[in-house]
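Here's a walk through one model, taken a piece at a time. Keep the viewer open and click along as you read.

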Amino acid sequence: MAESASPPAPMFSLRGCVAIVTGASQGLGRETARALAEAGSDVALVARNAARLETLAEEIGQAGRRVLCLPADVTRPEEIKAAISRIAGDWGRIDVLVNNAGITRDGLVMRMKREDWDSVLQTNLTGAFLCTQAVLPVMIKARYGRVINMASVMGQMGGAGAVNYSASKAGLIGFTKALAREVASRNITVNAVAPGFFDTAMTGELPENTLRQVLETIPLGRAGAAREVAAGVVYLASREAGYVTGHVLCINGGMYM
Ligand SMILES: NC(=O)c1ccc[n+]([C@@H]2O[C@H](COP(=O)([O-])OP(=O)(O)OC[C@H]3O[C@@H](n4cnc5c(N)ncnc54)[C@H](OP(=O)(O)O)[C@@H]3O)[C@@H](O)[C@H]2O)c1
């Protein structure tokens, strides 16, 4: 067999891609943005805290990737539309959208304030809808795209004291599957990642005894590392994952099977 002129690109290379990560200012989103850049992608960073985005952008820029900081609130359609137009205008393409921005406002259902229900649904679910709706025209035109939604084990098994959060993440899984069917004919894949328990600002406020109880439910016996979620996102963002859509990738140490 004749040898090909140039060596094939390494597996999971994202060289030449443009990726957007929401909630990139800290935690799983920050690590995901780093990992996408490491795999070769240019990255656009979205979150409300501009200073934190700048710090990450400097780090990614030093590693040789193009980076855009776009401070925006995912619940505000006009801010999201402006951010997406800027990326499409400056870079001319959007290959990957990671809907990662999320919040918790835990409390027992009987005492949950309406505003805590609304803000969690608006950020975690409506935010993903708004970002996806803004990005899809670019992906449809290119007949290529990867949408990756950060769900949660709580959306699969339910979390007592977090009906708002669990409902938002279960909703995101339904959103993922419905959209996967809707845009498959345009060569756009839509998948979810469902992390279990990771040590970030989101989980950092749990009381010591709750933390111990959670760890006891994890067969692998430890919290996950943010890089383990980022690796799953890089896989789903890659060309090699082109035949995977409507899938929920559980990265949870066996907490839910
Ligand atoms: N940690 C876990 O164990 C775990 C488990 C399962 C799923 N998850 C999911 O993973 C994602 C990341 O969680 P994390 O643990 O990394 O939490 P985190 O450290 O609290 O980070 C949340 C991120 O979301 C951003 N964000 C929140 N509201 C936003 C808004 N309205 N507009 C734009 N950005 C917003 C925050 O940035 P700004 O404040 O700068 O806006 C921040 O960058 C979330 O969707 C979470 O539900 C986490």
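Setting aside neighbours within four places in sequence, L36 is in contact with L14, A19, V21, S41, V43, V96, V234 and A237. Bear in mind as you look at these contacts that the model is predicted. L36 also turns up in the largest nonpolar core, a set of 71 residues, where I20, L36 and L45 touch the most other members. Helix 4, residues 114-142, gives the most to this core, with 10 residues.

Is strand 1 enclosed by the rest of the structure, or open? Five of the five residues of strand 1 (residues 18-22) are buried, so the strand is largely enclosed by the rest of the structure.

Strand 1 has pairing partners to look at too. Five bridges tie strand 1 to strand 2 (residues 42-47), and the two run parallel. In that pairing, I20 has A44 of strand 2 as its bridge partner. Strand 1 also pairs with strand 4 (residues 96-99), again in the parallel sense, over three bridges. There, I20 stands opposite L97 and V21 stands opposite V98.

**On through strands 2 and 3**

Strand 2 goes on to pair with strand 3 (residues 67-71): five bridges join them, and they run parallel. Which residue of strand 3 is the bridge partner of V43? That would be V67.

L68 is worth a click while you're in strand 3. L68 has 18 other C-beta atoms within 10 Å, so it counts as partly exposed. Not counting residues up to four places away in sequence, L68 touches A44, L45, R86, I87 and D90. One of those, L45, is among the residues that touch the most other members of the largest nonpolar core, and A44 is the strand 2 residue that bridges to I20.

**Strand 4 and strand 5**

Strand 4 is covered on both faces: V96 and V98 are buried on one side, and L97 and N99 are buried on the other. Besides its pairing with strand 1, strand 4 is joined to strand 5 by four bridges, and these two run parallel. L97 has V147 of strand 5 as its bridge partner. The chain gets from strand 4 to strand 5 by way of helix 4, in a right-handed β-α-β crossover.

**Two pairs that are apart in sequence**

Here are two C-alpha distances you can check for yourself.

| Pair | Apart in sequence | C-alpha to C-alpha |
|---|---|---|
| L68 and I87 | 19 residues | 7.7 Å |
| M157 and M255 | 98 residues | 9.5 Å |

M157 sits in helix 5 (residues 154-157). With 15 C-beta neighbours inside 10 Å, M157 counts as partly exposed.

**Two residues with positive phi**

Most residues other than glycine have a negative phi. R143 isn't a glycine, yet has a positive phi of about 50 degrees. You'll find R143 in the loop between helix 4 and strand 5 (145-150). Is R143 buried or exposed? R143 counts as exposed, because it has 10 C-beta neighbours inside 10 Å.

N187 is another non-glycine with a positive phi, in this case about 65 degrees. N187 lies in the loop between helix 6 (163-183) and strand 6 (188-195). With 14 other C-beta atoms within 10 Å, N187 is partly exposed.

**Around the ligand**

Last stop, the ligand. Of the 28 residues around the ligand, which come nearest? They are G23, G27, R48, N49 and G102. Helix 1 (residues 27-38) gives the most to this shell, with three residues. By type, the shell divides into 11 nonpolar, 14 polar and three charged residues.

Terms used:
Residues are numbered from 1 along each chain as its sequence is written. This is a predicted model: local features need pLDDT of at least 70, side-chain atom pairs count only at pLDDT 80 or more; totals for chains, interfaces and linings use all residues. A residue is near a molecule or strand if its C-beta atom, placed from the backbone, lies within 6 Å of it. Ala, Val, Leu, Ile, Met, Phe, Trp, Tyr, Cys and Pro count as nonpolar, Asp, Glu, Lys and Arg as charged, and the others, Gly among them, as polar. A residue is buried if 20 or more other C-beta atoms lie within 10 Å of its own, exposed if 12 or fewer, and partly exposed in between; C-beta atoms are placed from the backbone. Two strands pair if DSSP finds at least two bridges between them. A nonpolar core is a set of buried Ala, Val, Leu, Ile, Met, Phe, Trp, Tyr and Cys residues joined through C-beta atoms within 7 Å. Two residues are in contact if their C-beta atoms, placed from the backbone, lie within 7 Å. A crossover is right-handed if, with the strands pointing away from the viewer, the path from the first strand over the helix to the second runs clockwise.
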